[in-house]
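Work through the exercises below with the structure in view, and try each task before you read its solution.

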Amino acid sequence: KIQSHNWENRISIKSNSEDIWDDEVNEAVDRGKLLHEILSFIETKNDIDTALQNVLQSGLIDSNETKKIKLQLEDILNLAALQNCFSGNGKVRRETEILLPNGKRLRPDRVIENLDETIILDYKTGKPNAKYRKQLDNYADALKEMGYKKIQKKIIYTETLEVESWWKIICWFADVLIVLCH
(Lines give C-alpha, C1' and ligand atoms only; values in the text may rest on other atoms or scores of the structure.)
Protein backbone atom coordinates (compact mmCIF):
# COMPACT_ATOMS: atom_id res chain seq x y z
CA LYS A 1 0.00 0.00 0.00
CA ILE A 2 1.17 3.51 -0.74
CA GLN A 3 -0.02 6.32 1.48
CA SER A 4 -0.34 9.76 -0.02
CA HIS A 5 -0.96 13.08 1.68
CA ASN A 6 -1.61 16.51 0.26
CA TRP A 7 1.70 18.37 0.84
CA GLU A 8 -0.06 21.76 0.84
CA ASN A 9 -1.61 20.94 4.20
CA ARG A 10 1.78 20.00 5.69
CA ILE A 11 4.26 22.52 4.29
CA SER A 12 4.23 26.28 4.75
CA ILE A 13 6.37 28.44 2.50
CA LYS A 14 7.40 31.88 3.75
CA SER A 15 7.79 34.47 1.02
CA ASN A 16 9.27 37.11 3.30
CA SER A 17 12.77 36.29 4.49
CA GLU A 18 12.65 38.72 7.41
CA ASP A 19 9.99 36.48 9.01
CA ILE A 20 12.61 33.72 9.08
CA TRP A 21 15.84 35.60 9.75
CA ASP A 22 14.90 38.71 11.74
CA ASP A 23 15.74 37.87 15.36
CA GLU A 24 13.72 40.79 16.73
CA VAL A 25 10.60 39.58 14.92
CA ASN A 26 11.18 36.02 16.13
CA GLU A 27 11.75 37.14 19.73
CA ALA A 28 8.52 39.19 19.69
CA VAL A 29 6.60 36.24 18.23
CA ASP A 30 8.08 33.85 20.81
CA ARG A 31 7.29 36.30 23.64
CA GLY A 32 3.74 36.65 22.34
CA LYS A 33 3.24 32.89 22.13
CA LEU A 34 4.59 32.46 25.65
CA LEU A 35 2.34 35.17 27.07
CA HIS A 36 -0.62 33.67 25.19
CA GLU A 37 0.16 30.26 26.68
CA ILE A 38 0.34 31.66 30.21
CA LEU A 39 -2.90 33.63 29.78
CA SER A 40 -4.64 30.40 28.75
CA PHE A 41 -4.04 29.13 32.32
CA ILE A 42 -5.49 32.24 33.97
CA GLU A 43 -9.14 32.52 34.90
CA THR A 44 -8.88 35.33 37.48
CA LYS A 45 -6.20 37.76 38.65
CA ASN A 46 -5.46 35.38 41.50
CA ASP A 47 -4.20 32.72 39.08
CA ILE A 48 -1.04 34.54 37.93
CA ASP A 49 1.35 32.78 40.33
CA THR A 50 -0.11 29.34 39.62
CA ALA A 51 0.08 29.90 35.86
CA LEU A 52 3.70 31.01 36.15
CA GLN A 53 4.51 27.93 38.24
CA ASN A 54 2.94 25.73 35.53
CA VAL A 55 5.08 27.19 32.75
CA LEU A 56 8.18 27.27 34.97
CA GLN A 57 7.77 23.57 35.82
CA SER A 58 7.13 22.69 32.17
CA GLY A 59 10.38 24.41 31.18
CA LEU A 60 8.86 27.13 29.02
CA ILE A 61 10.52 29.82 31.16
CA ASP A 62 13.31 29.94 33.68
CA SER A 63 13.19 31.54 37.12
CA ASN A 64 14.98 34.68 35.83
CA GLU A 65 12.07 35.45 33.48
CA THR A 66 9.32 34.92 36.04
CA LYS A 67 9.41 38.36 37.68
CA LYS A 68 9.36 40.27 34.38
CA ILE A 69 6.50 38.17 32.99
CA LYS A 70 4.55 38.49 36.25
CA LEU A 71 4.76 42.29 36.05
CA GLN A 72 3.57 42.23 32.44
CA LEU A 73 0.66 39.93 33.34
CA GLU A 74 -0.32 42.17 36.26
CA ASP A 75 -0.25 45.20 33.94
CA ILE A 76 -2.57 43.40 31.51
CA LEU A 77 -4.99 42.01 34.07
CA ASN A 78 -5.26 45.31 35.95
CA LEU A 79 -6.28 47.35 32.90
CA ALA A 80 -9.60 49.09 33.58
CA ALA A 81 -10.86 48.07 30.13
CA LEU A 82 -10.41 44.39 31.09
CA GLN A 83 -11.78 44.53 34.65
CA ASN A 84 -14.79 42.36 33.75
CA CYS A 85 -12.65 39.80 31.86
CA PHE A 86 -10.60 38.47 34.79
CA SER A 87 -12.92 39.21 37.74
CA GLY A 88 -14.13 35.66 38.29
CA ASN A 89 -17.70 36.64 37.48
CA GLY A 90 -19.42 34.70 34.74
CA LYS A 91 -18.42 31.51 33.01
CA VAL A 92 -14.97 31.66 31.39
CA ARG A 93 -14.04 29.55 28.38
CA ARG A 94 -10.35 29.62 27.46
CA GLU A 95 -9.18 28.36 24.07
CA THR A 96 -12.50 26.55 23.49
CA GLU A 97 -13.24 25.64 19.88
CA ILE A 98 -16.45 26.60 18.14
CA LEU A 99 -17.41 24.09 15.46
CA LEU A 100 -19.22 25.72 12.55
CA PRO A 101 -21.86 23.93 10.42
CA ASN A 102 -19.43 23.90 7.47
CA GLY A 103 -16.87 21.95 9.53
CA LYS A 104 -14.51 24.87 10.12
CA ARG A 105 -13.38 25.64 13.65
CA LEU A 106 -12.91 28.93 15.44
CA ARG A 107 -10.88 29.25 18.62
CA PRO A 108 -11.26 32.50 20.55
CA ASP A 109 -8.63 33.09 23.22
CA ARG A 110 -11.23 33.83 25.90
CA VAL A 111 -15.03 34.02 26.07
CA ILE A 112 -16.70 35.28 29.23
CA GLU A 113 -20.41 34.57 29.62
CA ASN A 114 -21.96 37.05 32.04
CA LEU A 115 -25.66 37.31 32.85
CA ASP A 116 -26.23 40.40 30.68
CA GLU A 117 -23.44 40.10 28.08
CA THR A 118 -20.85 37.87 26.48
CA ILE A 119 -17.29 39.13 26.03
CA ILE A 120 -14.85 37.82 23.46
CA LEU A 121 -11.23 38.66 24.31
CA ASP A 122 -8.28 38.02 22.02
CA TYR A 123 -4.60 38.62 22.77
CA LYS A 124 -2.33 40.14 20.12
CA THR A 125 1.33 41.14 20.24
CA GLY A 126 1.56 43.04 16.96
CA LYS A 127 0.16 46.37 15.86
CA PRO A 128 -3.57 46.98 15.40
CA ASN A 129 -4.83 45.48 12.18
CA ALA A 130 -8.28 45.34 10.58
CA LYS A 131 -7.92 41.57 10.14
CA TYR A 132 -7.95 41.15 13.93
CA ARG A 133 -11.28 42.97 14.20
CA LYS A 134 -12.64 40.79 11.40
CA GLN A 135 -11.48 37.70 13.28
CA LEU A 136 -13.45 38.74 16.37
CA ASP A 137 -16.44 39.69 14.24
CA ASN A 138 -16.41 36.10 12.92
CA TYR A 139 -16.31 34.77 16.48
CA ALA A 140 -19.24 37.03 17.40
CA ASP A 141 -21.24 35.91 14.35
CA ALA A 142 -20.76 32.28 15.40
CA LEU A 143 -21.87 33.06 18.96
CA LYS A 144 -24.85 34.99 17.63
CA GLU A 145 -25.87 31.88 15.65
CA MET A 146 -25.65 29.97 18.93
CA GLY A 147 -28.16 32.35 20.54
CA TYR A 148 -26.00 34.92 22.29
CA LYS A 149 -27.52 38.41 22.08
CA LYS A 150 -25.22 41.08 23.51
CA ILE A 151 -21.64 40.47 22.49
CA GLN A 152 -18.72 42.72 23.36
CA LYS A 153 -15.46 42.18 21.48
CA LYS A 154 -12.08 43.16 22.88
CA ILE A 155 -8.52 42.91 21.62
CA ILE A 156 -5.63 43.48 24.01
CA TYR A 157 -2.29 44.32 22.43
CA THR A 158 -0.04 42.86 25.09
CA GLU A 159 3.10 44.83 24.23
CA THR A 160 1.47 48.30 24.22
CA LEU A 161 -1.43 47.53 26.62
CA GLU A 162 -3.82 49.09 24.10
CA VAL A 163 -7.38 47.70 24.16
CA GLU A 164 -9.82 47.87 21.25
CA SER A 165 -13.44 47.29 22.19
CA TRP A 166 -16.70 47.23 20.24
CA TRP A 167 -20.20 45.72 20.54
CA LYS A 168 -22.64 43.71 18.55
CA ILE A 169 -26.11 43.71 20.06
CA ILE A 170 -28.85 41.57 18.55
CA CYS A 171 -32.45 42.28 19.44
CA TRP A 172 -35.92 41.90 17.97
CA PHE A 173 -38.38 44.77 18.10
CA ALA A 174 -41.84 44.39 16.54
CA ASP A 175 -40.63 41.52 14.31
CA VAL A 176 -37.69 43.59 13.05
CA LEU A 177 -34.13 42.48 13.66
CA ILE A 178 -31.95 45.31 14.93
CA VAL A 179 -28.19 44.92 14.98
CA LEU A 180 -26.34 47.66 16.83
CA CYS A 181 -22.60 47.79 16.39
CA HIS A 182 -20.10 50.05 18.11
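**Exercise 1.** Decide whether Arg 94 is buried, partly exposed or exposed, and find out which residue forms a salt bridge with Arg 94.

*Solution.* In this predicted model, Arg 94 has a relative accessibility of 29%. Buried means under 20% and exposed means over 50%, with partly exposed in between, so Arg 94 counts as partly exposed. The next step is to look for the partner, which is Glu 43, and the closest N and O atoms of this salt bridge are 2.9 Å apart. The pair links distant parts of the chain, since Glu 43 sits in the loop between α2 and α3 while Arg 94 belongs to strand β1, 51 residues apart. Finally, Glu 43 is also given a class: with a relative accessible area of 32%, Glu 43 is partly exposed.

**Exercise 2.** Describe the salt bridge between Glu 164 and Arg 133, and name the ring over which the charged end of Arg 133 sits.

*Solution.* Begin with the general idea that side chains of opposite charge can pair when their charged atoms come close. The side chains of Glu 164 and Arg 133 meet at 3.1 Å, taken from N to O, and a salt bridge requires a distance within 4 Å.

**Exercise 3.** Work out whether the pair of Tyr 132 and Tyr 157 is stacked, edge-to-face or tilted, and which elements the pair ties together.

*Solution.* The ring centres are 6.2 Å apart, and a pair needs centres within 6.5 Å. The planes stand at 50°; since stacked means under 30 degrees and edge-to-face means over 60, the pair is tilted. Tyr 132 lies in helix α5 and Tyr 157 in strand β6, so the pair ties together parts that are 25 residues apart in sequence. Both residues can be classified as well, because Tyr 132 is buried with a relative accessible area of 16%, and Tyr 157 is buried with 0%.

Technical notes
Residues numbered from 1 in each chain as written. Predicted model: local features only at pLDDT ≥ 70, side-chain atom pairs only at ≥ 80, totals over all residues. Heavy atoms only, no water. Phe/Tyr/Trp six-rings, centres within 6.5 Å; stacked < 30°, edge-to-face > 60°. Helix = DSSP H or I, 4+ residues; strand = E, 2+ residues; numbered from the N terminus. Buried < 20%, exposed > 50% of the residue type's maximum accessible area, 1.4 Å probe, protein only. Lys NZ or Arg CZ within 6 Å of the ring centre and 35° of its normal.
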